[in-house]
Amino acid sequence: MGYIATGSALAFFTAVILRRLFLKSKRQCPSSKVMSGKTVIITGANSGLGKAAAMELAKRRARLILACRTLASAKDTVKEIQKATGNSEIIPKELDLASLKSINKFSKDVLTEEGKIDVLLNNAGVFQCPYSKTEDGFEMQMGVNHLGHFALTLLLLERIKNTSGSRIVVVSSSLSKRGSINFDDFNCEKDYNKIKAYNDSKLANLMFVKQLTEHLRDSCVDIVALNPGMVVTNLGRHVMSSVIKAVLSPLVVLLGLRNASEGCQTLVYCAVADELRGKSGIYIGTDFQPCDYPPNAMDNEAAFKLWELSKMLTKVA
Ligand SMILES: NC(=O)c1ccc[n+]([C@@H]2O[C@H](COP(=O)([O-])OP(=O)(O)OC[C@H]3O[C@@H](n4cnc5c(N)ncnc54)[C@H](OP(=O)(O)O)[C@@H]3O)[C@@H](O)[C@H]2O)c1
Ligand SMILES: *[C@@H]1O[C@H](CO)[C@@H](O)[C@H](O)[C@H]1NC(C)=O
Ligand SMILES: *[C@@H]1O[C@H](CO)[C@@H](O)[C@H](O)[C@H]1NC(C)=O
Ligand SMILES: *[C@@H]1O[C@H](CO)[C@@H](O)[C@H](O)[C@H]1NC(C)=O
């Protein structure tokens, strides 16, 4: 009996380890492009995918601006990445995407301090939080995930356009496919469903990419959308207790779910890959291959309406 149990357990763990090794090789960014001399801005760079992407891009010698909700956290992350990579060009900056004032200040500072912006990586996000509003009265998930990044992108656009071969990367999600923009109650004042609000905000990310691609048709800026897949990060903070997370995370990673350093490879690929040049509007999936936009993201009328509404609400452009 004991032999059978031990044998089965050994076989199981060997299979798990072999699977992890196999997955690891398939999950590496296929581009080895070095980023020396390139300036990359990453929002939400103190946690999860953003932090892991920052680490990877620091190894590739990019000049990095870590745009984080709290400056202290940005500074801690800079120290950690500097220690691990020896890259000295990593700049911590405060950016609260739930505040137009903060977004305006951040953008103004960056436009003063940075002569060029090669990559803007719109990564920060909030997931299924209880109902709350941003400083400017927007529902939090749409406010941070879409409107905040909308304002940020348009405020930095002049400099991005003036940098040759520049790129804007937008982190969306497969959960966008069931979203629909509720123009009648955009801030969910009548009815709030936290799951729907997240879905909708990630749909808004895709619609933004489509509209921005049209908007920048005659420029040399490339816009790339991506879906990172399911990744173990701090994203579930509003729906899962930290105790449950601490127990479950290593387990699900062992069983094959991506951890942050694996999950960020899609972000890194979209930020660096030369083969994406000139392919504005492309949507990249976890296998580093282009994927189709869900049908709801192809509604150009809704996307245009969202663009106009976002302009009005954020008072940019
Ligand atoms: N993990 C997944 O399975 C998955 C799947 C699909 C898509 N995504 C997307 O991936 C992106 C990154 O998420 P993650 O999984 O890495 O989660 P995460 O570990 O929770 O990181 C989210 C980041 O966004 C920042 N953020 C939240 N609100 C902000 C605000 N008002 N201003 C500035 N930054 C703010 C957070 O800052 P604080 O730490 O200060 O709160 C944090 O740095 C999100 O856009 C998410 O929608 C993730
Ligand atoms: C993520 O998993 C890989 C194995 O694929 C491992 O090498 C790496 O250290 C893990 N990273 C973290 C942050 O746990
Ligand atoms: C950026 O602006 C400078 C001066 O304003 C100009 O000379 C240069 O050609 C511009 N570069 C691009 C890529 O647009
Ligand atoms: C959110 O999206 C997921 C995945 O597409 C879907 O299963 C779910 O029903 C959606 N929830 C709501 C409330 O829209």
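These legends go with a set of close-up views of a predicted model.

The model is predicted: local features need pLDDT of at least 70, side-chain atom pairs count only at pLDDT 80 or more, and totals for chains, interfaces and linings use all residues. Residues are numbered from 1 along each chain as its sequence is written, chains are lettered from A and ligands numbered from 1 in the order in which they are written, and side-chain values use heavy atoms, with hydrogens and water left out.

**View 1. The whole chain, before zooming in.**
The protein chain has nine helices and nine strands; these are DSSP runs numbered from the N terminus, with helices being H or I of at least four residues and strands E of at least two. Its C-alpha trace spans about 70 × 50 × 35 Å along the principal axes. For 317 residues, a compact globule would come out near a 20 Å radius of gyration, and the protein chain agrees at 20 Å (the radius is taken over C-alpha atoms, and the globule rule is 2.2 Å times the number of residues to the power 0.38). Of those 317 residues, 52% are buried. Here buried means under 20% relative accessible area, exposed means over 50%, and partly exposed is in between, with a 1.4 Å probe and protein chains only.

**View 2. Ligand 1 and the residues around it.**
Ligand 1 has 27 residues around it, and the closest are Asn46, Ser47, Asn123, Tyr198 and Thr233; a residue gets in if one of its heavy atoms lies within 4 Å. A polar backbone atom of Leu235 sits 3.2 Å from an oxygen atom of ligand 1. Gly48 puts a backbone N or O atom 3.5 Å from a ligand 1 oxygen, and for a polar backbone atom of Ala124 the distance to an oxygen of ligand 1 is 3.5 Å. On its own, ligand 1 has 900 Å² of accessible area, and the protein covers 93% of it (Shrake-Rupley method, 1.4 Å probe; for residues, only the protein chains shown count as cover). Helices α2 (48-59) and α6 (194-215) are the elements that give two or more residues to this shell. Sorted by class, the shell has 12 nonpolar, 11 polar and four charged residues. In this sorting Ala, Val, Leu, Ile, Met, Phe, Trp, Tyr, Cys and Pro are nonpolar, Asp, Glu, Lys and Arg are charged, and the others, Gly among them, are polar.

**View 3. Ligand 4 and its neighbours.**
Around ligand 4 you'll find Leu175, Lys177, Arg178, Asn193, Ile195, Lys196 and Asn199. An N or O atom in the Asn199 side chain is 2.3 Å from an oxygen of ligand 4. Alone, ligand 4 exposes 360 Å², and the protein buries 65% of that. Its shell divides into two nonpolar, two polar and three charged residues.

Glu89 and Arg63 pair at 3.0 Å, N to O. Glu89 is in the loop between α3 (71-85) and β3 (90-94) and Arg63 is in strand β2 (residues 63-68), so their bridge ties together parts 26 residues apart in sequence. Both are partly exposed, Glu89 at 39% and Arg63 at 23%. Next up, Lys93 bridges to Glu113, with the closest N and O atoms 3.2 Å apart. That pair links strand β3 to helix α4 (residues 100-113), 20 residues apart. Lys93 is buried at 13%, whereas Glu113 is partly exposed at 46%. Finally, Asp109 and Lys105 meet at 2.7 Å, N to O; both lie in helix α4, four residues apart, about one turn of the helix. Shared partners also join Arg63, Glu89 and Glu114 into one network of salt bridges.

**View 4. Two residues with positive phi.**
Cys188 isn't a glycine, yet its phi is positive, about 55°. Cys188 lies in the loop between β5 (167-171) and α6 and counts as buried at 15% relative accessibility. Lys315, also not a glycine, has a positive phi of about 60°. Lys315 lies in the segment after α9 (300-314) and is exposed, with a relative accessible area of 70%.

Terms used
Polar contact = N/O pair within 3.5 Å; in protein donor to acceptor, adjacent residues only side chain to side chain. Salt bridge = Lys/Arg side-chain N within 4 Å of Asp/Glu carboxyl O.
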